[in-house]
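Load the model in your viewer and keep the selection panel open. We will go stop by stop.

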Amino acid sequence: MATSCTQKHLIRWIQLLLKCTIFLSLTAAAISSRLFSVIRFESIIHEFDPWFNFRATKYLVNNGFYKFLNWFDDRTWYPLGRVTGGTLYPGLMATSAAVWHGLRKIGLPIDIRNVCVLFAPAFSGVTAWATYHLTREIKDSGAGLLAAAFIAIAPGYISRSVAGSYDNEAIAITLLMVTFMFWIKAMKTGSIMHSTFAALFYFYMVSAWGGYVFITNLIPLHVFILILMGRYSTRLYSAYSTWYAIGTLASMQIPFVGFLPIRSNDHMAALGVFGLMQVVALGSYVKSQVSWQKFQTVMIVSLVSLLALGISGLFALTYFGFIAPWTGRFYSLWDTNYAKLHIPIIASVSEHQPTAWPAFFFDTQFLIWLFPAGVFLLFLDLKDEHVFVIAYSVLCSYFAGVMVRLMLTLTPIICVCAAVAISKVFDVYADFSIFIRSSSTEKPALSKKDRIMTFITKLTVCGSFLAYLVLFVHHCTWVTSNAYSSPSVVLPSRNSDGSPALIDDFREAYYWLRMNTAEDAKVAAWWDYGYQIGGMADRTTLVDNNTWNNTHIAIVGKAMSSPQDKAYDILKAHDVDYVLVIFGGLIGFSGDDINKFLWMVRISEGIWPDEIKEREYFTPSGEYRMDAQASQTMKDSLLYKLSYHRFPTLFNGVEGVDRLRGQNIRQVDIGNLDYFEEVFTSENWIVRLYKLKELDAVGRDLHAVGDFERGTSRGIKKRVAKKPLLDVRV
Amino acid sequence: MNSRVLKRLEFIQRLVRQVCSMRVASVFRNVVYTLTMAIFLMPISTLVEAKPAFGTRTLVIYDQKLTELDNYSTFLNNLKQRSHELSYRAIGNDSTPISLFRGEDKLYDNLIVYPIRSRHFNKQLSVENLLSFFSKGGQVLTITSPEGLSDNVRLFLNQLGMFPSPRNYYLNDYYHGDENNTLHLTKGESLNEHVVPLGEYDLVYKGAAALLDNRQLIIPVLQAPKTSFSVDSKQSDEIWTAGSEGYLAAAFQSLRNTRLAWVGSEVFFSNEFSANNGRFVEQLTKWAFAEKAVIKSVGSSHQHIGGAGYLESPYKVKDSVVYDIGLSEWDGSSWSPFTADDIQFELKMIDPYYRITLLPSETSNEAQYYTTGNFSLPDHHGIFTFLVDYKRAGLSFITEKDVRAIRHLANDEYLRSWDITNSWVYLTSIYSVITVWVLFVGLYLSLRKPKTVETEKKNN
């Protein structure tokens with residue numbers, strides 16, 4: 001016995017050692033595969049939103065938490081300003097500031113930018129660990145290790161967590177998994193400690209990402225399904241009640257969330273289930289006290305009346321405005337056309353578009369077909385925690401189909417389910433023990449032929465799955481390095497001889513803006529570039545990616561879609577000094593302002609339907625064209641003029657070729673730019689900056705000034721002076 | 001002569017400073033200084049009537065064949081008395097360009113253009129040159145007449161929205177005029193008090209009228225009589241102005257506070273009629289050359305009531321602040337306080353949130369200060385412009401602008417719950433529930449034991 005005991009100890013030690021090694025290598029793989037962007041480009045913040053997070057983090061580090069919490073940002077949304085401290089999720093910034101301070105304390109003064117750039121890769125390791133524990137609760141530690149390995153390198157998660165992608169999601173997915181892990185533990189054991197941890201991590205999640213609403217609805221849904229299945233228990237009661245009470249109170253401490261948990265419809269499910277929980281608890285107590293028949297009548301009467309009361313109460317409260325109605329983003333989750341019709345600003349974001357089906361394969365490769373298998377396997381032995389995974393899978397599959405960005409929340413559960421499926425396969429097929437044992441005294445269970453056949457089958461299955469796994473790793477590496485590692489601030493391209501080149505127009509232009517304009521200059525640009533202008537050029541913007549004020553965005557849209565004199569008045573009224581447009585026609589950069597132009601038109605049409613009409617921007621046959629056939633409204637619009645100003649001079653001066661749209665742009669259509677003057681155009685013409693001309697000192701309108709300077713007014717220079725047609729001077 | 005005296009004065013001043021810098025006893029220095037100042041300043045102060053606020057270099061351009069300067073000696077001497085350093089440029093047969101700039105610097109501060117018939121003039125001074133001189137700080141007086149209206153001046157005036165009648169169009173009036181088209185305006189009224197003081201002037205006018213467009217920078221000064229009309233002396237059916245739509249003199253102030261005056265008659269300035277027109281001409285040219293009606297801001301400021309500035313403590317909503325501005329007026333020799341009761345302050349964020357008429361507060365030698373008094377900022381955070389935009393026809397335009405953020409209340413700047421009486425109901429209920437709960441738990445725990453025994457018995 002003693003030997004077997006030490007043997008067991010030894011095996012346990014070896015297992016632990018193996019686990020540690022596996023985790024270390026998993027973390028290393030997770031981090032290193034996210035470093036492609038740093039190696040290819042440099043340690044730089046990516047895309048759009050991360051630039052704001054980075055700027056906010058710098059503010060936090062420089063000014064301390066109190067000032068950060070009450071930050072009134074006068075450099076964005078001019079002249080409204082933004083109560084930034086009260087309208088952001090501070091979790092990300094607070095965490096990285098804590099990391100920064102911590103590193104300084106131990107004598108590692110690291111640039112805050114590097115902390116921010118490497119933040120997401122560092123947290124992906126934690127995600128893997130949390131996924132391991134979650135999956136271990138669902139099945140066993142073997143499945144856990146597989147799930148951890150999957151989540152560490154799955155492109156669906158990497159897309160939002162490469163180095164430099166300093167976004168809320170970078171930390172949010174980690175917190176999501178940790179919260180769920182604690183919830184499953186709490187739900188299984190009824191431990192108040194675990195559910196308190198779940199609530200605390202839920203609070204952390206609330207402080208980090210708006211997607212916390214997903215947890216707020218998923219956990220109650222899980223509980224609700226369990227109650228419907230008749231699986232109510234005191235464990236569930238204590239877990240949920242603790243989680244809800246602590247979690248809700250804690251989440252209300254985030255200024256941006258405030259009273260939403262008791263006022264917004266998005267949070268009502270959690271409250272409702274909490275109420276139901278109390279009723280069910282009472283019911284089960286009554287049930288234990290009275291006879292079955294009496295209980296039945298009591299139950300039916302109370303259920304019906306409660307249901308009626310609850311639903312009518314919800315409607316009444318919503319009707320009288322005590323509960324905020326569902327938000328637009330929520331509606332667009334159910335009706336994919338809703339946003340397009342009613343809130344163009346939501347629809348205009350590319351990541352709010354429905355997912356194309358290849359994206360699923362692209363982001364998860366073979367996990368996507370193991371995912372249903374895993375769900376099915378979980379159905380087979382339907383434990384309480386399996387219900388959670390199933391509910392999660394079903395909900396998220398739907399959401400991920402509706403919005404591209406929600407692919408991110410689906411990926412972890414795909415990893416978990418696929419891991420369950422594979423580990424089940426390996427449980428059955430990778431079990432070669434019968435071949436080893438049967439050689440001893442025991443009588444073989446199978447004949448020799450059967451044994452060989454079984455051996456071959458097992459080997460084939462295991463071998464093919466191992467091959468799939470190898471392929472998966474290859475796929476993940478390839479996708480990560482080719483699709484998700486571009487900072488989108490710097491664009492990779494190739495020279496004519498095939499050598500790699502970088503298109504660095506954005507930074508070039510933002511740097512110019514930073515060095516050559518007054519510090520309080522106001523820059524008008526479409527909202528996509530607001531965060532970058534604020535972060536890289538440090539100039540005041542009118543609108544940015546925090547699209548909280550639709551009207552203000554519509555103002556910029558209206559200016560862009562109006563003729564230049566009207567646009568000048570609009571911009572001048574907002575003290576604008578410079579206008580920035582993105583133009584991809586020269587090198588074929590597809591994300592330019594002309595391609596986004598219809599959204600500008602739509603958004604401003606929503607506010608001024610009498611002045612801006614989308615139809616007028618199309619050709620009579622309904623095409624969206626820029627060449628000679630373009631409508632007059634299109635040719636007159638400010639964006640058209642700013643984009644193509646001087647463009648034909650690159651060719652023959654008469655006609656230029658827009659390589660992005662494959663159309664010929666005529667100088668005649670572009671006309672003269674009288675109200676703006678070009679001050680900067682980047683190397684590849686991607687960023688073009690214009691300055692608003694000053695008002696004419698002698699009170700002419702700028703168009704007349706332009707005419708005068710071009711000498712078209714030479715007609716008047718004739719000997720004979722003609723009597724002018726004037727309004728009668730009053 | 002005047003300028004010579006000024007130069008002498010400068011020389012003496014320099015001498016005095018040199019003497020002083022030799023560290024002679026300070027008493028001696030003061031005595032010398034005051035004595036010399038007294039000696040040299042006395043005659044000057046009697047000589048100088050007024051001088052332009054921005055510069056005294058004045059160029060007179062005239063046509064040799066059209067204008068005999070001796071006929072305008074009264075007018076020109078009057079200018080000299082007002083410290084103008086006159087340079088003359090006769091336009092004749094040569095066509096060397098007239099340069100108004102050397103590099104970026106203006107060579108002259110003021111420009112007087114007499115009627116010019118010579119065709120060379122169009123090439124000598126282009127419209128663009130005139131426009132840039134005018135918009136870069138030069139003051140201009142243009143005199144035109146039916147005999148002399150060169151194209152460049154005409155086009156320049158057209159750009160400003162003034163359309164004098166072309167050559168050979170004379171202003172006629174059968175009621176006020178004689179056979180030579182000389183009009184006697186016995187009740188000529190100035191249309192703008194800042195340019196020419198209000199009142200009736202007995203004026204003699206012979207020349208052209210102009211049409212003016214509607215822009216607000218134009219300040220009409222003298223209107224043609226209702227009975228007048230300008231007609232082509234060669235083709236008598238062409239009419240340029242009819243009745244009071246024509247103007248005889250007009251002023252113009254650009255957005256950069258440079259000034260221009262136009263008069264459609266050359267003889268209006270002549271010695272012959274100076275008895276009639278002298279006073280009007282003097283006032284008009286004083287205005288045009290920035291010798292009067294020039295105002296400036298000596299600075300504006302705003303701060304908390306306690307005196308703390310924005311930089312020490314940025315504004316938040318509902319703070320009480322005060323805005324001050326000082327205004328000076330050029331009285332012809334020095335800056336003096338400017339008084340008015342229609343100066344308004346605006347606090348605006350796209351639209352004005354406040355518009356407060358400023359009240360006079362302190363007065364210094366140079367400036368009159370105005371204040372809004374205490375006012376509380378709006379209950380709305382944002383980036384506001386503290387603005388005084390004082391634009392009155394005839395006075396220099398003043399725009400004082402300061403863009404400042406007004407922040408929201410910080411999380412600890414709201415009232416605490418117990419400071420709000422309404423909350424007492426809720427506070428009471430919260431704390432009573434807590435107390436009762438604690439009591440209940442206490443009682444429950446202490447009274448539980450005997451009950452468990454009973455239930456055990458029952459179950460058994």
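The tour below visits chain A, then chain B.

This is a predicted model: local features need pLDDT of at least 70, side-chain atom pairs count only at pLDDT 80 or more, and totals for chains, interfaces and linings use all residues. Residues are numbered from 1 along each chain as its sequence is written, while chains are lettered from A and ligands numbered from 1 in the order in which they are written.

**Stop 1: chain A domains.** Select 167–324 for domain 1 and 502–714 for domain 2 of chain A. These bounds come from an automatic or database domain assignment. The two centres, taken over C-alpha atoms, are 50 Å apart.

**Stop 2: a helix pair in chain A.** Select α9(A), residues 168–189, and α10(A), residues 192–206. Helices are DSSP runs (H or I, at least four residues), as are strands (E, at least two), numbered from the N terminus. The axes of α9(A) and α10(A) lie 8 Å apart, at an angle of about 160°. Axes are lines fitted to C-alpha atoms, for helices over the stretch in contact, and angles run from 0 to 180 degrees between N-to-C directions. The two helices are therefore roughly antiparallel (an angle over 145 degrees).

Stop 3: Select residues 424–447 of chain B, which UniProt lists as "transmembrane region" in an unreviewed entry. UniProt positions use the numbering here, feature names are shortened, and annotations may be inferred rather than shown by experiment. The span is 96% helix and 0% strand, with its end C-alpha atoms 33 Å apart.

Next, select 312–446 of chain B, "domain: OST48 middle" in UniProt (unreviewed entry). Here the chain is 17% helix and 44% strand, and the end C-alpha atoms are 60 Å apart.

Notes. Parallel < 35°, antiparallel > 145°, perpendicular 65-115°, else oblique.
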